[in-house]
Amino acid sequence: MGAGRWSKELIHAVADFDLTIVTNDHSALIDLKPGRAIVCLCGGEVESNSTALVGDIATLAFSKYTADLCLIEASGIDSHEITTTTLSESFVYRTMLQHTQGEKIIYTEGENIGHVRGFMIDRTFMANRLFSNRQLTEIETAQFSSQGLQFSLL
């Protein structure tokens, strides 16, 4: 799971399930109640103005795993690419996507759909599902569907 506005809450919400979560969100362990989940931090450098661990150590850590599920919060997405605000975070997220054999989920605020800002994480067809808090237009639905991306409203 990537670092983002909602990652800590998502990690806390699934902490009672029997699973292992690897994240680059260093705030994930704050106030985490004991549960069945094992939560691992990837290590790395703390990115300024965020809760993300980034850099070579973080990227290397994610390259050592093969995940069944990947959850990443994006700062932008269109029918061609998925983006994030910093270059260092884009390397970590790309590695996470490339080392996931199961579902690859992108979530973002509605105003980020159709706008790519910052740095490319990967091409849109690398993800399987998009979650957002606003409904897609018919054109957006067709564009994302053509890339194999399914949409769900939060």
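**Exercises on a sheet, a helix and a loop**

Helix 3, residues 87-98, lies across strand 5 and strand 8 (100-108), and runs at about 150° to strand 5. The model is predicted.

**Exercise 1.** Determine which strands stand at the edges of the open sheet.

Solution. Step one: write down the strand order, which is 5-8-10-11, with parallel pairing. Step two: look for strands with a single partner strand; these are strand 5 (67-73) and strand 11 (150-153), so one side of each is left without a neighbour in the sheet.

**Exercise 2.** State how many bridges join strand 10 to strand 11, and which residue Arg 129 stands opposite.

Solution. Strand 10 covers residues 129-132 and is joined to strand 11 by four bridges, the two running parallel. Within this pair, Arg 129 faces Gln 150 of strand 11.

**Exercise 3.** Classify Leu 87 as buried, partly exposed or exposed, and name the surface patch residues.

Solution. First, locate Leu 87: it is part of helix 3. Next, take its relative accessible area, 41%. Partly exposed lies between under 20% (buried) and over 50% (exposed), so Leu 87 is partly exposed. Finally, Leu 87, Phe 91 and Phe 119 make a nonpolar surface patch of about 260 Å².

**Exercise 4.** Describe the surroundings of Asn 133.

Solution. Asn 133 sits in the loop between strand 10 and helix 4 (138-146). With 43% relative accessibility, Asn 133 is partly exposed. Leaving out residues up to four places away in sequence, Asn 133 touches Thr 108, Glu 109, Gly 110, Leu 153 and Leu 154. Tyr 107 is 26 residues from Asn 133 in sequence, while their C-alpha atoms are 8.9 Å apart.

Definitions and conventions
Residues numbered from 1 in each chain as written. Predicted model: local features only at pLDDT ≥ 70, side-chain atom pairs only at ≥ 80, totals over all residues. Heavy atoms only, no water. Pairing = 2+ DSSP bridges. Contact = heavy atoms within 4.5 Å. Axes fitted to C-alpha atoms, helices over the stretch in contact; angles between N-to-C directions. Patch = residues over 30% accessible without salt bridge, like charges linked within 9 Å, V, L, I, M, F, W, Y side chains within 5 Å. Areas by Shrake-Rupley, 256 points an atom, 1.4 Å probe, with all protein chains shown as cover. Salt bridge = Lys/Arg side-chain N within 4 Å of Asp/Glu carboxyl O. Buried < 20%, exposed > 50% of the residue type's maximum accessible area, 1.4 Å probe, protein only.
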